[in-house]
Amino acid sequence: MRLSQLFTKTSKTVPADEQAINAKLLIQAGFIHKEMAGVYAYLPLGLKVLDNIKQIVREEMNAIGGQEVMMTVLQPRELFEKTDRWDDKKVDNWFKTKLDNGSELGLGFTHEEPIVNTLSSYVNSYKDLPIFVYQIQTKFRNEKRAKSGLLRGREFIMKDMYSLARTPAEHDELYERAATAYTKVYDRLGIGDITYRTAADGGVFTKKFSDEFQTLSPLGEDTIYLDEAKRLAINNEIYTDANLVKLGLDKSKLVEKRAVEVGNIFPLETKYTNALGVYYTDKNGQQQPIIMGCYGIGISRLMGVLAEHFADNKGLVWPKNIAPAQIYLIGIGDVVKDTTGLYEKLQQQGIEVLYDDRDVHPGQKFADSELMGIPYRVTLSEKTLSQNKVELTNRSSGEIKLLTADELVARL
Ligand code: ATP
Ligand code: MG
């Protein structure tokens with residue numbers, strides 16, 4: 001991509017009401033646009049980052065047998081009345097609206113009911129189970145506070161997966177498979193070392209815990225107590241002596257930390273399947289309850305978490321597999337022909353390049369390459385070309401190397 005063609009521009013200023021580092025950096029770099037508090041648009045480079053995160057999540061869900069769907073945002077009142085989740089007293093963050101004829105609709109804040117309702121058309125026999133089905137979609141929640149940029153949106157992107165199983169043992173197996181897939185996702189995103197499986201409240205309908213995945217961050221709204229050796233934590237909200245015993249955690253080994261919930265998986269038992277009257281028939285022709293699990297990952301929240309974590313005083317520092325491009329290409333002085341030639345060569349190799357072909361001062365180009373957090377900067381000048389070389393700068397380590405164009409391509 002040529003930066004002269006890109007409609008976004010970097011900026012030195014940020015909206016006055018924006019406090020969070022993730023939003024400030026992403027707005028300044030031109031990755032997102034703030035529409036209003038908790039509501040952000042993804043611009044070309046930001047969308048690439050978001051898509052890279054989605055793709056990692058998608059690959060790991062597919063690897064455990066997840067089947068991708070896209071449910072609807074508009075939700076019928078009647079469906080959620082069956083599970084007693086329509087009433088504002090039960091769920092206080094619904095955005096609701098009305099049809100012309102007066103019937104009420106909600107904008108999806110979660111999708112257990114619609115998923116079970118859809119699957120009920122296809123699930124009858126023990127042969128139809130187990131199932132993992134997931135989507136990556138926009139969710140709407142009327143959050144009271146939305147001051148943390150992408151960490152808490154009123155409109156945000158979630159991956160939500162649901163499992164249907166025949167027996168508790170089968171459910172447990174699916175649940176652990178999902179938990180393992182989650183760990184892989186956080187590892188691939190580069191935050192595996194600071195993300196902990198954390199026992200948390202399971203909700204009113206189960207005695208089990210749910211498992212949150214909590215990423216350490218001073219911005220976190222949650223307090224967790226973690227056992228570093230076991231890589232296991234307990235959320236403050238269920239921190240009792242009895243629960244520590246259940247989890248095999250030793251109080252003296254726990255450290256208190258602030259963390260951001262980047263995922264949450266729940267054993268739902270038969271709450272939604274029973275309430276919606278969805279059962280399966282076993283080998284003996286007997287009707288049996290279906291055991292359900294649900295598995296959420298905050299896709300857009302993760303983008304915010306990564307932007308906070310992978311940053312320095314010059315801007316963003318994306319890991320290679322998340323970055324919107326691998327190379328930020330700059331030519332200094334009368335070297336346009338060579339720079340354009342290298343741009344085309346790198347493109348032919350399938351390497352994603354941001355070519356800063358704008359008519360601006362080199363200082364501005366360097367600053368923008370750093371603000372945008374592109375992993376490598378390649379600079380050509382009369383000096384480097386006189387040695388038949390280009391300069392490769394690593395955004396994260398600051399390391400500089402002089403390479404020939406061929407060496408550069410080979411390295412990448
Ligand atoms: P929180 O306690 O932070 O409000 P939650 O427990 O209500 O989150 P879940 O219903 O468990 O959220 O949703 C699954 C995942 O979706 C969360 O683990 C989180 O990563 C993400 N998520 C939830 N609410 C938001 C939001 N308002 N903005 C961005 N991501 C969110
Ligand atoms: Mg949660």
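## Exercises on domains, salt bridges and strands

Across the interface of domain 1 and domain 2, the rule finds two salt bridges, a salt bridge being a side-chain nitrogen of Lys or Arg within 4 Å of a carboxyl oxygen of Asp or Glu. This is a predicted model, where local features need pLDDT of at least 70, side-chain atom pairs count only at pLDDT 80 or more, and totals for chains, interfaces and linings use all residues. Residues are numbered from 1 along each chain as its sequence is written, chains are lettered from A and ligands numbered from 1 in the order in which they are written, and side-chain values use heavy atoms, with hydrogens and water left out.

**Exercise 1.** Describe how domain 1 and domain 2 meet.

*Solution.* Start with the bounds, which come from an automatic or database domain assignment: domain 1 covers 21–73 + 108–312 and domain 2 covers 325–411. Next, take the contacts (heavy atoms within 4.5 Å): seven residues of domain 1 touch five of domain 2. Then turn to buried area, the accessible area (1.4 Å probe) that two parts lose on being put together, summed over both. The two domains bury about 500 Å² between them, 61% of it on carbon and sulfur atoms. On the domain 1 side, Ala29, Leu45 and Asp312 lose the most area, together 54% of what that side buries.

**Exercise 2.** Which parts of the chain does the salt bridge between Glu59 and Arg188 tie together?

*Solution.* First check the distance: the two side chains meet at 2.7 Å, N to O. Now place the residues in their helices (DSSP runs of H or I, at least four residues, numbered from the N terminus). Glu59 lies in H2 and Arg188 in H5 (residues 168–188), so the pair joins parts 129 residues apart in sequence. Finally, look at accessibility, where buried means under 20% relative accessible area, exposed over 50% and partly exposed in between (1.4 Å probe, protein chains only). Glu59 is partly exposed at 34%, and Arg188 is partly exposed at 32%.

**Exercise 3.** Find the pairing partners of strand E9.

*Solution.* Begin with the strand itself (a DSSP run of E, at least two residues): five of the six residues of E9 (residues 195–200) are buried, so the rest of the structure largely encloses this strand. Two strands pair if DSSP finds at least two bridges between them. E9 pairs with E10 (residues 210–216) in the antiparallel sense over six bridges, and three bridges join E9 to E12 (residues 232–235), running parallel. Thr198 makes a handy check: its bridge partner in E10 is Glu212, and in E12 it is Ala233.
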